[in-house]
Amino acid sequence: MMRRSGSFPMRARNGSVAAGRKPGALLKSFLAERGRSYRKGMSSPLDGARSCSRISAHLALGCLSMRETYQAALRAQLRWRAADAVAFAQSLGSFSSRLHWRCHFMQKLEDEPELQGRELHSAYAGLRPVGPQHEELVAAWAEGRTGFPFVDACMRSLRATGWLNFRMRSMVMAFSSYHLWQDWRRPAQELARLFTDFEPGIHYPQAQMQSGVTGVNLARIYNPVKQSRDQDPAGVFLRRWVPELAGLPDDFIHEPWRAPRDYLLRHGVELGITYPARLVDHESAARQAREAIYGVRRGDAYFDAAREIQHKHGSRKAGLPPTAKPRARRKARPAQSTFEF
Ligand SMILES: Cc1cc2nc3c(=O)[nH]c(=O)nc-3n(C[C@H](O)[C@H](O)[C@H](O)COP(=O)(O)OP(=O)(O)OC[C@H]3O[C@@H](n4cnc5c(N)ncnc54)[C@H](O)[C@@H]3O)c2cc1C
């Protein structure tokens with residue numbers, strides 16, 4: 001039975017689908033209609049807020065149980081399949097997979113609660129510097145003042161609504177970890193404060209994955225300009241959350257530093273004055289980060305530890321990893337988890 005008592009006071013605006021909706025009604029509207037565009041819309045900064053289920057805060061706070069959610073999703077999937085709505089049924093299949101991921105992640109932290117504070121793979125401990133000298137960078141990132149419009153729009157939208165879709169969470173975490181080279185703990189702490197759905201069991205393993213410190217996942221370094229162009233080509237989301245740039249034509253709104261100074265001035269923008277100059281050159285920062293992350297991946301001890309992690313925490317779908325030592329050719333790469341996050 002879905003609990004009917006009361007509604008969760010979600011922050012409004014971008015979060016309007018979820019604002020004030022009772023958990024059961026929110027799930028129902030997703031399974032009956034909104035979930036139709038789940039696969040297509042989940043990563044979009046514009047459609048994601050409506051196409052995703054938006055039940056995360058209710059699961060985190062216990063207003064919805066995993067069992068009732070999963071069973072309702074399976075029933076809806078069967079119904080849509082019987083009605084020949086194949087795409088809708090497939091979308092709900094993707095949704096059910098994510099419910100599995102949730103349990104998988106929570107189990108990881110349950111098994112090893114220390115993962116909240118230390119890297120899954122110890123070779124990454126101390127890789128990035130920590131200390132009060134980084135607070136300015138962390139604050140600029142958390143407040144949406146990095147000078148990268150899409151990153152800033154995501155962080156400002158998160159601050160206003162308490163929610164971001166998965167792709168945007170991954171990108172902001174990765175940007176902080178790779179481009180700004182921040183230790184994962186501080187940004188993870190900032191995000192935990194901002195998410196209305198903060199759930200340690202998902203949050204810390206995800207923060208580690210997006211920072212490349214697990215030893216069993218590929219480092220995914222999102223290009224913030226490409227993400228911006230792909231996900232918000234007409235700059236609608238950018239103009240909503242970074243109004244300082246609203247007057248810029250689409251060509252330059254994704255990367256204003258490419259525009260000549262006179263041109264920017266004619267459109268009411270002065271970098272460093274009306275909108276921050278970018279904190280780093282994202283291309284060279286990404287290159288350096290990649291080298292540093294992959295530089296750690298060498299030696300028997302590294303790969304032995306990676307295999308142990310895969311054995312304990314990895315997916316069993318692809319079968320258990322071999323227990324014997326890897327052959328020489330396989331030593332070049334750590335075992336990869338099979339999840340397509
Ligand atoms: C750095 C980072 C931190 C995150 N921190 C949290 C957190 O604190 N709390 C939280 O609930 N989710 C977290 N996520 C996972 C995911 O982004 C959210 O679950 C999702 O965006 C919530 O919106 P929704 O309920 O509409 O999700 P939907 O896409 O509708 O998914 C339904 C449910 O499946 C689960 N789920 C979805 N995606 C994932 C995933 N990748 N891993 C594990 N479970 C998933 C969630 O419980 C979610 O409510 C984090 C992701 C990243 C990259």
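**Note on the predicted model**

1. In the chain, 68% of the contacts with a separation of 6 or more are between residues 24 or more positions apart. The model is a predicted one, and its secondary structure consists of 17 helices and zero strands. Of the 341 residues in the chain, 39% are buried.

2. The shell around the ligand holds 30 residues, of which Cys 52, Ser 53, Ser 56, Arg 98 and His 203 come nearest.

3. Domain 1 (13-111) and domain 2 (113-296) each contribute at least three residues to the shell around the ligand. At least two residues of the shell come from each of helix H4 (56-61), helix H6 (86-111), helix H9 (166-179) and helix H11 (200-209). With six residues, H6 gives the most.

4. Just after H8, Gly 162 adopts a positive phi of about 80°.

5. Why is H8 largely enclosed by the rest of the structure? Ten of its 13 residues are buried, and the helix is therefore largely enclosed. The buried residues are Pro 149, Phe 150, Val 151, Asp 152, Ala 153, Cys 154, Met 155, Ser 157, Leu 158 and Thr 161.

6. The packing partners of these buried H8 residues are helix H7 (135-142), H9, helix H10 (185-194), helix H12 (224-231), helix H13 (236-241) and helix H14 (250-253). Among them, H9 also supplies at least two residues of the shell around the ligand.

Definitions and conventions: Residues are numbered from 1 along each chain as its sequence is written. This is a predicted model: local features need pLDDT of at least 70, side-chain atom pairs count only at pLDDT 80 or more; totals for chains, interfaces and linings use all residues. A residue is near a molecule or strand if its C-beta atom, placed from the backbone, lies within 6 Å of it. Helices (H or I, at least four residues) and strands (E, at least two) are DSSP runs, numbered from the N terminus. Domain bounds come from an automatic or database domain assignment. A residue is buried if 20 or more other C-beta atoms lie within 10 Å of its own, exposed if 12 or fewer, and partly exposed in between; C-beta atoms are placed from the backbone. Two residues are in contact if their C-beta atoms, placed from the backbone, lie within 7 Å.
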